[in-house]
Amino acid sequence: MTRARGGLRAETIAITSGREPPLPDGPLNVPLVLASSFHAGGSTPYAREGNPTWTAFEQAVGALEGGDAVSFSSGMGAIAAILEDVPLGGRVVLPTVAYMEVRSLLRQRADADRLEAVQVDITDTEVALHACEGAALLWIESPTNPLLGVADMAALCQGARRLGALAVVDSTLATPILQRPLTAGADVVLHSATKFIGGHSDLLLGVAITSDERRAARLRQVREMTGGTPGSLEAWLALRGIRTLPLRIAQAQTTAQVLAERLSAHPAVVSVRYPGLSTDPGHQRAARDMDGFGAMLAFEVSGGAPRADAVCASVRVLTHATSLGGVETLIERRARWPAEAGISPSLLRVSVGCEHVEDLWTDLERALATPP
Ligand SMILES: *Cc1c(COP(=O)(O)O)cnc(C)c1O
């Protein structure tokens, strides 16, 4: 059960928000508006400035997060817009373990002398805040991708603010259902809506949310000037995804807990990372700060990369593919990506979907028994 937000719970907001007021014969669902231009005389003359289908999606995400939401063409589009105002030479503190493309983007900008990028263990609050002295921005990802580390969100956000650094939280893995970083003191929250929010592996979309009106206006301006605008079909599909987001998360995280426990007891498994395990380093923080432990887990197998590759090659109910957050359970060996060089070669990341837990377990057990 999620905590109430302004009277209603997330399960209800996901279904009631982003709709037009009821009118006789008016559609229940927001129409998919396909238009690049609008009749003159209003506030949105051209579609790079806005679209009623995005607005509905943004209302729903904003209601769930408790802020003003601005949608983008992808998660990276939202990230690029947020980073737009880092001053030349400004310091950005980011996690050592975080989504690989955001790390690559910041490294490229640092290599080009546009900013200074300092990597820290984001689960170590003291170290992270020490690096924030004089910094322009603290980039928080929690839980982290792919190791599922859990940061002390409130301590980091409030500490960063005190030091004059902008606190930005990539909350993609937690979704607006399991944590609300704005309440913990974040300046900006972002999601790759490609993942759990969309939920069906059929679109790319990003969204940034802030409770600061001027910051939201600036994000809209950057979107308009740099063209990181979402497609209206994507926004429509993602809004449809939001309607079932709480249900999908509830189902998937219940399954993730069972799989994590069974994997922990499996002889071919060396270690499991899942915040729902009482032995996990992130367990206590997640239990205190989150409304659930999420649908992502990671585990290392004995036998190194060959064994891990054999598992990926032999699954039949799970799907061997990258990405996460869809109704289908995905598995991949994360270190196959050059940008994940620091990750153990035998680490498998699983995005748990909504299939039956016993079918997933039977498939995983069989795959783990397949010789490399
Ligand atoms: C996928 C992802 C992104 C990037 O989002 P896109 O929609 O692929 O551009 C950012 N952060 C995290 C944690 C992600 O998983």
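Here is a short chat about the cavities and salt bridges of this predicted model.

Biologist: Hi! How many cavities of 30 Å³ or more does the structure hold?
Modeller: The predicted model holds two of them.

Biologist: Which residues line the largest cavity?
Modeller: The lining includes F196, R248, I249 and the glycines G325, G326 and G353. By type, the lining divides into six nonpolar residues, three polar and one charged.

Biologist: And what lines the second largest cavity?
Modeller: Among its lining residues are P143, L148, M290, F293 and M296. Eight of the lining residues are nonpolar, one is polar and none is charged. The space inside is about 40 Å³.

Biologist: Switching topic, how many salt bridges are there?
Modeller: The count comes to 19. One of them joins R288 and D152, with the closest N and O atoms 3.2 Å apart. R288 is in helix α11 and D152 is in the loop between β6 and α6, so this pair ties together parts that are 136 residues apart in sequence.

Biologist: Is D152 buried or exposed?
Modeller: D152 counts as buried because its relative accessibility is 16%, under the 20% cut-off. R288, at 49%, counts as partly exposed.

Biologist: What about R91, which residue does it meet in a salt bridge?
Modeller: R91 meets E116, at 3.3 Å from N to O. R91 sits in strand β4 and E116 in strand β5, 25 residues apart.

Biologist: Last one: which residues are linked in a network of salt bridges?
Modeller: That network links R103, E332, R334, R336, E340 and R349.

Technical notes: Residues numbered from 1 in each chain as written. Predicted model: local features only at pLDDT ≥ 70, side-chain atom pairs only at ≥ 80, totals over all residues. Heavy atoms only, no water. 1 Å grid on protein atoms, 1.4 Å probe; cavity = no way out; pocket = protein on both sides within 12 Å on 5 of 7 lines; lining within 4 Å. Points joined across faces, edges and corners; volume = space filled by probe spheres on them. Nonpolar A, V, L, I, M, F, W, Y, C, P; charged D, E, K, R; others polar. Salt bridge = Lys/Arg side-chain N within 4 Å of Asp/Glu carboxyl O. Helix = DSSP H or I, 4+ residues; strand = E, 2+ residues; numbered from the N terminus. Buried < 20%, exposed > 50% of the residue type's maximum accessible area, 1.4 Å probe, protein only.
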